[in-house]
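The sequence and structure are shown first, and the description follows.

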Amino acid sequence: MKLEGFGIMVDDMPTMVSFYRDVLGFEIKEEENTTNVYLEKDGTLFLLFRKRDFEKMTGKKFSYVKGLNGHYEIALSVPDYLSVDKAFKKVVEAGGQAVMFPTTEPWGQRTCYIGDPEGNLIEIGSFIKGDEADA
């Protein structure tokens, strides 16, 4: 089997599509307010499934975490340390929830965490110091 992509369950499709497309730069593959929306980032398929529609399709009820959740993370990389700080600021100003401010970890990665509009964790990080970012 080959990993083609992954998906997350959402309540508010237009808000989530807008966040991933307009704030994080995912490419949308279809209409933004459908049962499921296909986005792509760096060759990886990223699906957003509307919870109520997925339950109707499968004939099953599922449990969902409300608010900020730590069930998984979506990891995004940027070119260098300074880019981590800039991306964090940009994403938080655009509506992302600040979870962990940019920090340089003992293993050499500068990383931060934000939550998307429905509380899913997104990590933004880099292992490259760059010329300006020895933070």
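Helices (H or I, at least four residues) and strands (E, at least two) are DSSP runs, numbered from the N terminus. On that basis, the order of elements in the protein chain from the N terminus is β-α-β-β-β-α-β-α-β-β-β, a total of three helices and eight strands. The model is predicted, so that local features require pLDDT of at least 70 and side-chain atom pairs count only at pLDDT 80 or more, while totals for chains, interfaces and linings use all residues. Residues are numbered from 1 along each chain as its sequence is written, and side-chain values use heavy atoms, with hydrogens and water left out.

**Overall dimensions and burial**

- The C-alpha atoms of the protein chain occupy a box of roughly 55 × 30 × 30 Å along the principal axes.
- Of the 135 residues in the protein chain, 39% are buried; buried denotes under 20% relative accessible area, exposed over 50%, and partly exposed the range in between (1.4 Å probe, protein chains only).
- Among contacts with a separation of 6 or more, 51% join residues 24 or more positions apart, where contact means heavy atoms within 4.5 Å.

**Sheet E1-E4-E3-E2**

- Four strands make up an open sheet in the order E1-E4-E3-E2, with mixed pairing; two strands pair if DSSP finds at least two bridges between them.
- E1 and strand E2 (27-28) are the edge strands, each pairing on one side only.
- Six bridges connect E1 with strand E4 (residues 44-50) in the parallel sense, and Met9 has Phe49 as its bridge partner in E4.

**Sheet E5-E8-E7-E6**

- A further open sheet of four strands has the order E5-E8-E7-E6, again with mixed pairing.
- Its edge strands are E5 and strand E6 (97-104), each of which pairs on one side only.
- From one strand to the next, the twist averages 20 degrees; axes are lines fitted to C-alpha atoms, for helices over the stretch in contact, and angles run from 0 to 180 degrees between N-to-C directions.
- E5 and E8 run parallel and are joined by six bridges, whereas strand E7 (residues 110-115) and E8 run antiparallel, also joined by six bridges.
- Leu121 in E8 is the bridge partner of Glu73 and of Gly115.
- E7 and E8 form a hairpin with four residues between them, and Gly119 in the turn has a positive phi of about 90 degrees.
- In strand E8 (residues 120-126), seven of the seven residues are buried. Asn120, Ile122, Ile124 and Ser126 point one way from E8, and Leu121, Glu123 and Gly125 point the other way.

**Helix packing**

- Helix H1 (residues 13-23) lies across E1, E2, strand E3 (36-41) and E4, at about 160 degrees to E4.
- H1 also lies across E5, E7 and E8, at about 0 degrees to E8.
- The buried residues in H1 include Met13, Met16, Val17, Phe19, Tyr20 and Val23; just after H1, Gly25 adopts a positive phi of about 80 degrees.
- Helix H2 (residues 51-58) lies across E1 and E4 and runs at about 85 degrees to E4.
- Helix H3 (residues 81-93) lies across E6, E7 and E8 and runs at about 10 degrees to E7.

**Leu68**

- Leu68 is located in the loop between H2 and E5, and it counts as partly exposed because its relative accessibility is 46%.
- Leaving aside residues up to four places away in sequence, Leu68 touches Gln97, Val99, Gly115, Gly119 and Leu121.
- Leu68 and Val37 are 31 residues apart in sequence and 22 Å apart in space, C-alpha to C-alpha.

**Largest pocket**

- A pocket is an open set of points on a 1 Å grid over the protein atoms alone, where a 1.4 Å probe fits, with protein on both sides within 12 Å along at least five of seven lines; lining residues have an atom within 4 Å of a point.
- The largest pocket is lined by 16 residues, and Met9, Tyr64, Val65, Asn69 and Asn120 are those nearest its centre.
- Strand E1 (5-10) and strand E5 (69-77) are the elements that give two or more residues to this lining.
- The volume of the largest pocket is about 290 Å³; grid points are joined across faces, edges and corners, and a volume is the space filled by probe spheres set on the points.
- The lining comprises six nonpolar, six polar and four charged residues; Ala, Val, Leu, Ile, Met, Phe, Trp, Tyr, Cys and Pro count as nonpolar, Asp, Glu, Lys and Arg as charged, and the others, Gly among them, as polar.
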